[in-house]
Amino acid sequence: MCLAGGMDVSGLAPIEQTALLTEYCRALDSRSDTPILGDTGADDTVRHINHDFAGLGASPSVVALVALRAKMLDERIRAYVAANPAAVVVDIGAGLSRAVWRVDPPETVDWFSVDLPAVISVRDSLVPAHPCAHSVGGSVLDPQWTAGVPADRPAMVFADGLFAFLDEDAVIGILRRITGNFASGVIAFNDYGKVSKANQILGRLATSSKSNSPHRQWSFPGFKDARTPEAWNAQLRLVEEASAMHRPESALFPAGLRMASRLSRQVPSIARKARILQYRF
């Protein structure tokens, strides 16, 4: 549901529309009697957009996992900012996320939300300005996106959902650009483990058959071993591999996902399907 006269986002390209899925999932979570993330701001954003959200493939399991991975990333950002109060936080592929409001860092922090110009235009129209926040309209595949971001301060760079829509070479390039630009910091992102072509096809069929489903944009094959990015980039060191399947919030998952969560204790490949990875550089 959206408000009458909500913002028309039909002009967004398919890859730009992927930003709508994660925000819609966070909105649906906030409407639950027992939310995992509880981001009511996401619901406000969604209600001001005119779009066929029902076609995005936001199944109950997808909603739960999107909400929990956002919560897990928020926790890690808060911890980093607490230890580095003059940090730079960079949300690459920020979409419409209100993570800056959920984390609400002190004014000593500068928070940069990076996304394609059309997405940033929608974001700046709908997401309230935060004292720490800066918007960067540009492709993360363009080396110039870092130009206006301070490089000499501790940096927390994170991606919530972005890498799934890029190919492996693009992900490797982004990681190298981050470590080559910032003096020191942490990179954190959600990951799905190794994703085969069959997995991608089944995921698309299971989530939505409609043409505007972001699942059709899935490109990244993923990796099994969490240390794989260390081979891509010698400056990275794995500091954490945490599965959403092992969190206490898994008790709030829909029945099928709860069963998968229980199985994940014995089947590591299931745990890898919903993990947060952190690397220090």
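Reader: Why is Glu75 called partly exposed?

Author: Keep in mind that this is a predicted model. Glu75 has a relative accessible area of 29%. Buried means under 20% and exposed means over 50%, with partly exposed in between. So Glu75 lands in the middle class, partly exposed.

Reader: And what makes Arg76 buried?

Author: The relative accessible area of Arg76 is 13%. The cut-off for buried is under 20%, so Arg76 counts as buried.

Reader: How do you know that the side chains of Glu75 and Arg76 meet in a salt bridge?

Author: Look at the N to O distance, which is 3.5 Å for this pair. A salt bridge needs a side-chain nitrogen of Lys or Arg within 4 Å of a carboxyl oxygen of Asp or Glu, so Glu75 and Arg76 pass. Glu75 and Arg76 also belong to one network, joined by salt bridges that share partners, with Lys71, Glu240, Arg247 and Glu249.

Reader: What about Lys71 and Glu249, what makes that pair a salt bridge?

Author: Here N to O is 2.9 Å. The limit is within 4 Å, so the pair qualifies. Lys71 lies in helix α3 (residues 60-83) and Glu249 in the loop between β8 (237-243) and α9, so the bridge ties together parts 178 residues apart in sequence.

Reader: Are Lys71 and Glu249 buried or partly exposed?

Author: One of each! Lys71 is at 24% relative accessibility, so it is partly exposed. Glu249 has 10%, which is under 20%, so Glu249 is buried.

Reader: How many salt bridges does a search of the whole structure find?

Author: It finds 17 salt bridges. Among them is the one between the side chains of Asp39 and Arg102, at 2.8 Å from N to O. Asp39 sits in the loop between α1 (14-31) and α2 (40-47), and Arg102 in helix α4 (residues 99-103), so this pair links parts 63 residues apart in sequence.

Reader: Why are Asp39 and Arg102 called buried?

Author: Asp39 has a relative accessible area of 7%, and Arg102 has 16%.

Reader: Which residues make the nonpolar surface patch?

Author: Met259, Leu263 and Val267 do, and the patch is about 250 Å². Met259 is in helix α9, while Val267 is in the loop between α9 (255-263) and α10 (268-271).

Terms used
Residues are numbered from 1 along each chain as its sequence is written. This is a predicted model: local features need pLDDT of at least 70, side-chain atom pairs count only at pLDDT 80 or more; totals for chains, interfaces and linings use all residues. Side-chain values use heavy atoms; hydrogens and water are left out. Patches are made of residues with over 30% relative accessible area and no salt bridge: like charges are joined within 9 Å, nonpolar side chains (Val, Leu, Ile, Met, Phe, Trp, Tyr) within 5 Å. Accessible areas come from the Shrake-Rupley method with a 1.4 Å probe; for residues, only the protein chains shown count as cover. Helices (H or I, at least four residues) and strands (E, at least two) are DSSP runs, numbered from the N terminus. Buried means under 20% relative accessible area, exposed over 50%, partly exposed in between (1.4 Å probe, protein chains only).
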